[in-house]
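Visitor: Hi, I have just opened this one and could use a hand. Could you show it to me and walk me through it?

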Amino acid sequence: MSIVSAKQTPRNSYTATSGQTSFNIGFEFFSVDDVKVYRNGTLLTYNATPSAVTQYKIIGTVDSSDSGFEFGSGGSITLGAGATAGDIIVIIRDLSIQRVTDFVPGASFSIEDLNTQLDQL
C-alpha cells in the first residue's frame, strides 16, 4: 500500500458535541506514533486505556495487503472522557521522514521492507 499525498489530507478537524468521545481518522498511517491529537490546540497523550479527556486510544483498520502498515486505511480515536460541546478536536498524521532500512549490496532483501520504506519517505 502506498500513501498518495495528493489524495490524502493527513488532517481531520471536528467540532465536538457534548460528551462525544469517538472521532474518525480519515487517512492512512503506519503506527500510533504517526498520529497526533489536539483538543483546543493542546496536544493530547496516547494511552491504550485512556481515563481522561486529555488522553486517547486508537482503533485502527488493519491492512491485510501490506504488513508494513500497523493500520491501513485509518480508524478512529477514542477519548478517555467526553469532550465539551464546541471543543475542537484535530487529528494529524505526523511522520518522521527518515531512512530506517539499510539494504546490503549483493544480499537478498525483502520487497515488503523496501515498499514500506518507500511509502514512509
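Predicted model: local features only at pLDDT ≥ 70, side-chain atom pairs only at ≥ 80, totals over all residues.

**A walk through the model**

Visitor: Is threonine 78 buried or exposed?

Guide: Threonine 78 counts as buried, because its relative accessibility is 17% and the cut-off for buried is under 20%.

Visitor: What does threonine 78 touch, not counting residues up to four places away in sequence?

Guide: Its contacts are Thr21, Ser22, Pro50, Gln55, Tyr56, Lys57 and Ile59.

Visitor: And glycine 75, where does that lie?

Guide: Glycine 75 lies in E7, a strand that covers residues 75-79. Glycine 75 is buried, with a relative accessible area of 15%. Leaving aside neighbours within four places in sequence, glycine 75 is in contact with Asn24, Ile25, Ile59, Gly60 and Thr61.

Visitor: How far apart in space are glycine 75 and phenylalanine 27?

Guide: They are 8.1 Å apart from C-alpha to C-alpha, with a separation of 48 residues in sequence.

Visitor: New topic: which residues of the largest nonpolar core touch the most other members?

Guide: That core has 17 residues, and the ones touching the most other members are Ile25, Val37, Ile58, Ile77, Leu79 and Ile91. At least two core residues come from each of strand E2 (22-25), strand E3 (35-39), strand E6 (55-60), E7 and strand E8 (88-93). In soluble globular proteins, nonpolar side chains tend to be buried together.

Visitor: Pick one for me. What is isoleucine 58 in contact with, leaving aside its neighbours within four places in sequence?

Guide: Isoleucine 58 is in contact with Ile25, Phe29, Val32, Val35, Tyr46, Ser76 and Ile77.

Visitor: Now the strands. What order does the open sheet of four strands have?

Guide: The order is E1-E8-E3-E4, and the pairing is antiparallel. Strand E1 (11-15) and strand E4 (42-43) are at the edges with a single partner strand each, so one side of each has no neighbour in the sheet.

Visitor: How many bridges pair E3 and E8?

Guide: E3 and E8 pair over five bridges, in the antiparallel sense. Tyrosine 38 has valine 90 in E8 as its bridge partner, and arginine 39 stands opposite isoleucine 89 in E8.

Visitor: What about E3 and E4?

Guide: Those two strands pair over two bridges, also in the antiparallel sense. In E4, threonine 42 stands opposite arginine 39. The hairpin of E3 and E4 has two residues between the strands, and asparagine 40 takes a positive phi near 50° there.

Visitor: Arginine 39 keeps turning up. Which residue forms a salt bridge with arginine 39?

Guide: Aspartate 87 does, and the closest N and O atoms are 2.7 Å apart. Aspartate 87 is in the loop between E7 and E8 while arginine 39 is in strand E3, so the pair ties together parts that are 48 residues apart in sequence. The structure holds one salt bridge.

Visitor: Are those two buried or partly exposed?

Guide: Aspartate 87 counts as buried, at 6% relative accessibility. Arginine 39 counts as partly exposed, at 21%.

Visitor: Last one: where in the chain is confidence lowest, and where is it highest?

Guide: Confidence is lowest in helix H1 (residues 111-120), at a mean of 63, and highest in E4, at 98. For the chain, the mean pLDDT is 81, and 68% of the residues reach 70 or more.

Technical notes. Residues numbered from 1 in each chain as written. Heavy atoms only, no water. Buried < 20%, exposed > 50% of the residue type's maximum accessible area, 1.4 Å probe, protein only. Contact = heavy atoms within 4.5 Å. Core = buried A, V, L, I, M, F, W, Y, C linked by side-chain atoms within 4.5 Å. Pairing = 2+ DSSP bridges. pLDDT = per-residue confidence, 0-100. Salt bridge = Lys/Arg side-chain N within 4 Å of Asp/Glu carboxyl O.
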